Amino acid sequence: DDEIAAVGAVAAYHLLPVGFLVVATGNLTNAFAQAVAGFALVAAANLTSSRKRGPLVLLTGLAAAAFLSHTSTFAVLAVQLAAAGAWVAFTGPASRRWTGRALLFATAAAVLIAVGVYYAYFSDLYREALARVGAETGRATAAAGGRTPWTRLTDVPRLVGLSHGWPLVLLAGVGAIAAARRAGADTIARPVVAAWIAGALLFLGIGIMTPVDMRHMLAAQPALAVLAAVGVSYLWHLGGWRAAVAAGLGSWACWVAAAAWIRTIDRSASW
């Protein structure tokens, strides 16, 4: 029922610099997979305890389609959905625990579909890749650009700024606090969004310790946009200097997006 947050989410999504990077690199399979993953997570957030089959079938189909579209989305989305399901099934109110178990069932079914249809045929390749990753974990390797885990860790603020822009990250932090304080409705939207962000952070940590990049910055884009919009709405409704802070951060986000757009054009021209 919050029009400012609804419009703000759309605006924030298009202001995140990572979107320009996707267009510049032309990684369309990853972009498509992440788009379907976003729909899958929204479907998960709207599951209820009504025990109807339709929403479960829809969620299973969306998750399986996302899994099959890109390997990084398979890894990240599976963790996000499983974490959200486990959270609701084992720690949520009794009225919502069936919903959590249903989410875990849909995730497991989608994983089995993806493996059976496609991934099972490349098991040797994945074992080879896992052996290589294990040998290169915690070291400065060619796959990681010759950077040590410490170097990759200290480079995180720069990468976050390049991918998401710090104004929207700050607004998302405010939005997360505001969402956590709201009275709990009988939905699983907040656990799903929390698992969404937590999954992205988990793979950020994996990318620091290993040469594996699961495109966690792109995976976090929709949830970050929603939380930033909630933060803008929260500050705006408080009024006064806090509304001015929201306007200032929003203007800064527009500036960051414009600079990212110009860099993308320059990079594309050089290619």
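This note sets out, in numbered points, the main features of one predicted protein model.

1. Basis of the model. The model is predicted, so local features are reported at pLDDT of at least 70 and side-chain atom pairs count only at pLDDT 80 or more, while totals for chains, interfaces and linings use all residues. Residues are numbered from 1 along each chain as its sequence is written, and side-chain values use heavy atoms, with hydrogens and water left out.

2. Secondary structure. The protein chain contains 14 helices and 0 strands. Here helices (H or I, at least four residues) and strands (E, at least two) are DSSP runs, numbered from the N terminus. Along the sequence, the pattern reads α-α-α-α-α-α-α-α-α-α-α-α-α-α.

3. Overall dimensions. A compact globule of 271 residues would have a radius of gyration near 18 Å, and the 19 Å of the protein chain agrees with this. The radius is taken over C-alpha atoms, and the globule rule is 2.2 Å times the number of residues to the power 0.38. Along the principal axes, the C-alpha trace spans about 60 × 55 × 30 Å.

4. Of the 271 residues, 40% count as buried. Buried means under 20% relative accessible area, exposed means over 50%, and partly exposed lies in between (1.4 Å probe, protein chains only). The protein chain exposes about 14,200 Å², and carbon and sulfur atoms supply 70% of that area. Accessible areas come from the Shrake-Rupley method with a 1.4 Å probe; for residues, only the protein chains shown count as cover. Among contacts (heavy atoms within 4.5 Å) with a separation of 6 or more, 76% are made by residues 24 or more positions apart.

5. Helix 2. In helix 2 (residues 18-25), the buried residues are Val18, Val22 and Ala24. Seen down the helix axis, these buried residues fall within an arc of 165°, so they line one face of helix 2. The arc is that of the directions from the helix axis to the C-beta atoms. Just after helix 2, glycine 26 takes a positive phi of about 70°.

6. Arginine 215 and histidine 216. Arginine 215 is found in the loop between helix 11 (189-209) and helix 12. Its phi is near 55°, a positive value in a residue other than glycine. With 30% relative accessibility, arginine 215 counts as partly exposed. Histidine 216 lies in helix 12 (residues 216-219) and counts as buried, at 10% relative accessibility. Leaving aside neighbours within four places in sequence, histidine 216 is in contact with Ala200, Phe203 and Leu204.

7. Threonine 107. Helix 6 (residues 97-117) holds threonine 107, which is buried, with a relative accessible area of 6%. Not counting residues up to four places away in sequence, threonine 107 touches Phe67, Ala78, Leu81 and Ala82.

8. Proline 55 has its place in helix 4 (residues 53-69) and is partly exposed, with a relative accessible area of 35%. From proline 55 to alanine 179 the separation is 124 residues in sequence and 25 Å in space, C-alpha to C-alpha. Glutamate 128 lies in helix 7 (residues 123-136) and counts as exposed, at 59% relative accessibility. Between glutamate 128 and methionine 209 there are 81 residues of sequence separation and 19 Å in space, C-alpha to C-alpha.
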